[in-house]
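This briefing covers selected helices, sheets and ligand surroundings in the structure shown below. Items are grouped by topic.

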Amino acid sequence: MTKNETVIKWLGEMEELLTPDKVVWINGSEEQTEELRKLAVELGELTKLNEEKLPGCYLHRTKPNDVARVEDRTFICTTTKEEAGPTNNWEDPAKMYKKLYDIARGSYKGRTMYVIPYSMGPIGSPLAKIGIEVTDSVYVVLNMLIMTRVSDKVMEVLGDSNDWVRGLHSRCDIDPENRYICHFPQDNTIISVNSGYGGNVLLGKKCFALRIASYQGWKEGWMAEHMLILGLQNPKGEVKYIAAAFPSACGKTNLAMLIPPKYLRDKGYKIWTVGDDISWMRIGPDGYLYAINPENGFFGVAPGTNEHSNFNALESTKKNTIFTNVALDLNDNTVWWEGLNKNLPENALDWKGNPWDPAKFNKADKTTCAAHPNSRFTAPAENCPCISDEFNKGQGVRISAIVFGGRRAKCAPLVYQSKNWENGVFVGSAMASETTAAAAGAVGVVRRDPMAMLPFCGYHMGDYFRHWLEMGKKLGDKAPKIFNVNWFRTDDEGNFVWPGFGDNMRVLNWIIDRCEGKADATETAIGYVPKPEDIDLTDLDMDMETLKDILTVDKDIWTKEAEEIEEHYKKFGDKLPAELRAQLDNLKANLK
Ligand code: GTP
Ligand code: SPV
Ligand code: MN
């Protein structure tokens with residue numbers, strides 16, 4: 001419990017609104033957590049899995065109408081529409097509070113209100129922030145216990161401060177017509193109703209750590225980004241850190257936990273994971289940029305995860321993990337998903353809980369899948385074999401390179417370096433990617449997703465670009481170098497050309513070499529592209545011609561791209577920083 005007046009007042013309001021039968025504070029103790037697991041099984045929210053093969057692991061199925069983030073029902077409720085900008089849904093805060101309170105009123109009747117005090121970032125770290133989420137879902141509580149740091153100490157650290165984020169989640173009837181994920185950045189408040197799916201309800205994650213935190217970062221001079229953080233250790237034992245922003249389901253978890261090819265492992269190269277989804281970054285006392293991962297676990301995409309593609313992620317899911325919307329193998333009470341292995345289970349339930357017939361499975365038709373394409377695992381970070389020593393330290397790691405990327409079948413080369421910070425901000429602002437199953441809606445359509453933050457920026461994106469430019473000015477020549485990667489170039493048959501996964505290490509090495517002035521490059525219209533011989537192809541079944549091909553910058557494609565960026569920029573009107581406009585003009589001139 002607490003003596004904090006601001007907390008007591010808000011919880012009182014919540015109790016009055018939601019009318020729960022009882023209120024339970026979550027303290028992170030193993031006893032309480034175990035009781036909740038048992039309760040979740042009794043309530044049918046979780047299925048206990050094979051204790052020998054998957055100790056402490058559970059399966060959860062959401063409603064079939066509730067399997068991904070819902071961007072069309074996500075709102076930024078600032079005082080004016082202008083503050084939310086052209087890329088966010090907006091509603092007047094007073095109107096939205098009323099609408100949401102009307103939906104949520106009385107919705108905890110006959111249920112328990114769980115109060116979860118949590119820290120984003122190591123408890124007490126100068127880069128960490130505190131939130132309190134109330135929820136009526138035991139599944140949400142158990143996920144928050146993995147994804148954030150929950151303990152009585154959080155309230156001690158908060159003391160009587162009002163600097164904490166309010167989060168109200170109510171499942172209500174899981175009614176898609178009344179589903180809303182709303183943010184009030186000026187009140188440090190989040191309200192989520194009628195959903196039970198991950199990013200919509202684990203309010204510490206996208207809602208707080210990106211949408212609210214990006215707004216706080218803007219006001220307070222730091223950055224909250226949709227970025228993984230990894231440490232690259234070289235044979236001398238030195239570790240350099242990279243932060244990388246790719247849109248949802250475009251490879252952050254995979255890159256963060258990468259295992260280098262054997263010949264590089266033999267030389268002593270190694271990757272350490274600091275984070276796989278979110279990065280909070282501040283300028284340190286020495287003037288360099290430092291990052292922490294505010295999360296405490298991984299909410300990762302299951303399909304495609306296997307011992308070859310991402311050994312470390314798979315290892316992370318072998319104990320104390322919650323699986324959501326994967327298939328249940330009834331033979332041994334374990335889980336399965338597309339791409340886990342080639343042994344399609346003969347006797348299984350699909351993600352909806354219906355018997356699954358492997359004979360009817362057709363890779364091209366997602367409706368025949370056993371696991372939902374956006375099925376996920378919630379795994380404790382401490383399970384990860386390559387978790388960084390820095391993960392629990394509050395000071396953050398010094399970032400050498402920032403990398404942008406996305407799924408582009410033809411356009412972006414495998415990797416290129418921007419010419420300077422300003423040009424790098426341009427590259428990030430113009431990012432585009434083919435859409436994935438991580439959000440409701442069409443899959444495979446190219447959309448602009450600046451800095452992979454389109455669905456996550458809590459204010460006007462023109463102001464966000466300006467903030468990036470300001471950070472660059474403050475960092476000066478201590479700024480990280482900015483790159484762009486594309487693992488997803490395809491051949492004429494639509495196959496990925498680059499092997500990806502562990503082999504992405506070959507590209508990371510070039511990136512770090514560039515940061516240290518050790519690698520050469522060719523200047524092109526868009527930036528610096530590697531000399532083909534500087535991407536090491538040892539032990540790889542790829543010839544120089546193919547590599548050269550995925551390093552090309554095609555003038556026709558890029559001329560069209562520049563026109564599309566022009567169109568994209570129109571949305572931002574007067575708020576588009578002149579520097580970015582100039583960058584676009586410069587690109588066009590370079591292409592002539
Ligand atoms: P969110 O959790 O939604 O933010 O996703 P993420 O960016 O962490 O993506 P993740 O690493 O989970 O990868 C998503 C999908 O992309 C999986 O199906 C992976 O198998 C696939 N993928 C990841 N890396 C690569 C790669 O280098 N090449 C190819 N071809 N596919 C990849
Ligand atoms: C994403 O969609 O970028 C995710 C999953 O990381 S969710 O938590 O649902 O946002
Ligand atoms: Mn993500």
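Helix α14 is followed by G517, whose phi is positive, near 70°. Helices (H or I, at least four residues) and strands (E, at least two) are DSSP runs, numbered from the N terminus. This is a predicted model, in which local features need pLDDT of at least 70 and side-chain atom pairs count only at pLDDT 80 or more, while totals for chains, interfaces and linings use all residues. Residues are numbered from 1 along each chain as its sequence is written, chains are lettered from A and ligands numbered from 1 in the order in which they are written, and side-chain values use heavy atoms, with hydrogens and water left out.

**Helix α14**

- Helix α14 spans residues 505–515, and nine of its 11 residues are buried, so the helix is largely enclosed by the rest of the structure. Buried means under 20% relative accessible area, exposed over 50%, and partly exposed in between (1.4 Å probe, protein chains only).
- The buried residues of α14 are M505, R506, V507, L508, N509, W510, I511, I512 and R514.

**S137 and helix α5**

- S137 sits in the loop between β7 (129–135) and α5 (138–147), and S137 is buried at a relative accessible area of 2%.
- At the start of α5, a side-chain oxygen of S137 comes to within 3.3 Å of the backbone nitrogen of Y139. The side chain of S137 also reaches the backbone nitrogen of V140, at 3.0 Å. A polar contact is a pair of N or O atoms within 3.5 Å; within protein, one must be able to donate a hydrogen and the other to accept it, and residues adjacent in sequence count only if both atoms are side-chain atoms.
- Not counting residues up to four places away in sequence, S137 touches E45, H169 and R171. Contact means heavy atoms within 4.5 Å.
- In α5, 10 of the 10 residues are buried, so this helix is largely enclosed by the rest of the structure. Among them are V138, Y139, N143 and M147.

**Manganese ion (ligand 3)**

- K206 (NZ), H226 (NE2) and D277 (OD) coordinate the manganese ion (ligand 3) at 2.1 to 2.4 Å. Donors are N, O and S atoms within 2.8 Å of the metal (3.2 Å for Na, K and Ca); water is not among the atoms, so sites may look incomplete.
- The donor residues are spaced K-x19-H-x50-D in sequence. K206 lies in helix α8 (residues 204–220) and H226 in the loop between β12 (223–225) and β13 (227–233), 20 residues apart, and the pair links distant parts of the chain.
- The six donor atoms around the manganese ion (ligand 3) subtend angles of 65 to 175°, which makes the arrangement irregular. Four donors count as tetrahedral if all angles lie between 85 and 135 degrees; four count as square planar and six as octahedral if opposite donors are over 155 degrees apart and all others between 65 and 115; anything else is irregular.
- K206 is buried, with a relative accessible area of 6%, and H226 is buried at 0% relative accessibility.

- Of the 21 residues around ligand 1, A249, K252, T253, N254 and R376 come nearest. A residue is near a molecule or strand if one of its heavy atoms lies within 4 Å of it.
- An oxygen atom of ligand 1 is 2.8 Å from a backbone N or O atom of A249. The side chain of K252 has an N or O atom 2.8 Å from an oxygen atom of ligand 1, and for the side chain of N254 the distance is 2.8 Å.
- The residues around ligand 2 include R69, K206, H226, S248, D277, F299 and R376.
- An oxygen atom of ligand 2 is 2.5 Å from an N or O atom in the side chain of S248. For side-chain N or O atoms, the distance to an oxygen atom of ligand 2 is 2.9 Å at R69 and 3.4 Å at D277.

**Sheets**

- An open sheet of five strands runs in the order β2-β3-β19-β24-β18, with mixed pairing. Its edge strands are β2 (47–48) and β18 (297–301), each of which pairs on one side only. Two strands pair if DSSP finds at least two bridges between them.
- Strand β24 (residues 376–380) pairs with β18 in the antiparallel sense over five bridges, and F299 stands opposite T378 in β24.
- An open sheet of four strands has the order β21-β20-β22-β23 and antiparallel pairing. β21 (334–336) and β23 (355–356) stand at the edges with a single partner strand each, so one side of each is left without a neighbour in the sheet.
- Strand β20 (residues 327–329) pairs with β21 in the antiparallel sense over three bridges, and V335 in β21 is the bridge partner of L328.
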